[in-house]
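Hello,

I am passing a structure on to you, and my notes on it follow below. Have a look at it before you read on.

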Amino acid sequence: MVDAQTRRWGTVVLTGATSGIGLATARHLADTAEHLILQGPEPRSRVDAALGAIRDSGDAEVTYVECDFTSLSAVARAADAIMQLRLVDDLVNNAGVPGAPSRRTTPDGHERTLQVNYLAMVLLTERLRSGLRRGARVVNVASATHAMARLDLADIELVDGYSAVRAYARSKLAIVMYTRWMARRDGSGATAVSIQPGVIDTELLGAMFGSIGGSVEIGARSVLTALSAPARGGEYFDEGRLMAPSAEARDDGLGDELMQWTFSALQDFI
């Protein structure tokens with residue numbers, strides 16, 4: 001693992017920063033980054049304590065951007081607000097939700113887990129592209145559950161056969177595939193990697209599997225390692241170790257088809 005103290009960061013955008021792995025990561029980065037731009041779905045008044053704890057952890061300037069990822073228009077506005085602040089050195093896409101007990105859709109008409117965990121992440125990243133410094137590191141938080149999933153593009157929204165775990169795993173598979181696609185795209189300018197942060201005892205994991213796993217500090221260290229580890233783009237790290245993702249995730253032809261569907265779904269916002 002890479003100790004946060006061994007590396008200094010400039011401006012870091014971190015989504016899902018108000019709880020769990022995101023909050024633990026933000027507290028580490030507050031002592032090593034110049035500026036943290038933190039996203040969460042809650043109104044500022046509900047996260048004042050968390051933001052205060054982050055500020056108390058270091059000298060970084062902290063900016064909070066409220067954004068509910070169940071609204072793609074809100075994600076687009078949040079990206080525009082971030083672009084007005086300054087160029088971004090690193091982006092950590094950590095925001096996520098568990099699969100709901102029964103299938104739910106967003107006001108945009110997408111299955112909720114797929115939109116919050118995947119579509120909103122792609123939209124934010126793509127709208128920030130011109131604001132990412134050349135060579136920026138993009139860390140996309142996936143999950144070992146991606147290996148449980150198969151990507152049926154004919155029913156990617158899981159109208160049939162929905163389950164909470166299937167929805168979550170499918171969204172994480174899509175994240176790994178998007179990360180690999182970013183590495184194949186000419187002129188992306190950023191080095192994107194995906195990670196399995198570990199089996200971490202968070203509310204998100206608990207909602208699907210019960211109370212299991214280790215401390216959020218393990219997940220935070222996984223993020224910090226992925227920010228610093230040598231990479232050319234497209235790599236998948238499992239708790240800081242370079243690993244091969246699932247065979248399905250490595251099917252780049254299927255990944256290209258996924259991206260065609262993704263950009264069609266996001267065409268009103270990109």
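In which helix is the place of G22? G22 sits in helix 1, residues 20-29; helices (H or I, at least four residues) and strands (E, at least two) are DSSP runs, numbered from the N terminus. Before going further, please note that this is a predicted model, in which local features need pLDDT of at least 70, side-chain atom pairs count only at pLDDT 80 or more, and totals for chains, interfaces and linings use all residues. Residues are numbered from 1 along each chain as its sequence is written, and side-chain values use heavy atoms, with hydrogens and water left out.

Back to G22. Because its relative accessibility is 0%, G22 counts as buried (buried is under 20% relative accessible area, exposed over 50%, partly exposed in between, with a 1.4 Å probe and protein chains only). Beyond its neighbours within four places in sequence, G22 is in contact (heavy atoms within 4.5 Å) with L14, G16, A17 and N94. G22 and G219 are 197 residues apart in sequence, yet their C-alpha atoms are 8.6 Å apart in space.

Eight strands form an open sheet with mixed pairing, in the order 3-2-1-4-5-6-7-8; two strands pair if DSSP finds at least two bridges between them. Strand 3 (61-66) and strand 8 (241-243) are the edge strands, each pairing on one side only. From one strand to the next the twist averages 25°. Strand 1 (residues 9-14) pairs with strand 2 (residues 33-40) in the parallel sense over five bridges, and V12 has L36 in strand 2 as its bridge partner.

Strand 6 deserves a look of its own. Six bridges join strand 5 to strand 6, and the two run parallel; here N140 has S194 as its bridge partner. Strand 6 also runs parallel to strand 7 (residues 236-238), joined by three bridges, with D238 as the partner of Q196. Seven of the seven residues of strand 6 are buried: A190, A192, S194 and Q196 on one side, and T191, V193 and I195 on the other.

Now for the helices. Helix 5 lies across strand 5, strand 6 and strand 7, at about 160° to strand 5. Helix 7 (residues 216-228) lies across strand 1, strand 4, strand 5 and strand 6, at about 150° to strand 5. For these angles, axes are lines fitted to C-alpha atoms, for helices over the stretch in contact, and angles run from 0 to 180 degrees between N-to-C directions. Helix 4 and helix 5 pack at an angle of about 20°, with their axes 7 Å apart. That makes helix 4 roughly parallel to helix 5, a label for angles under 35 degrees. Among the residues that meet there are Y118 and M121 in helix 4 and Y178 and W181 in helix 5.

Leaving aside neighbours within four places in sequence, I82 is in contact with V13, I37, V65, V88, L124 and L128.

Best wishes

Methods: Parallel < 35°, antiparallel > 145°, perpendicular 65-115°, else oblique.
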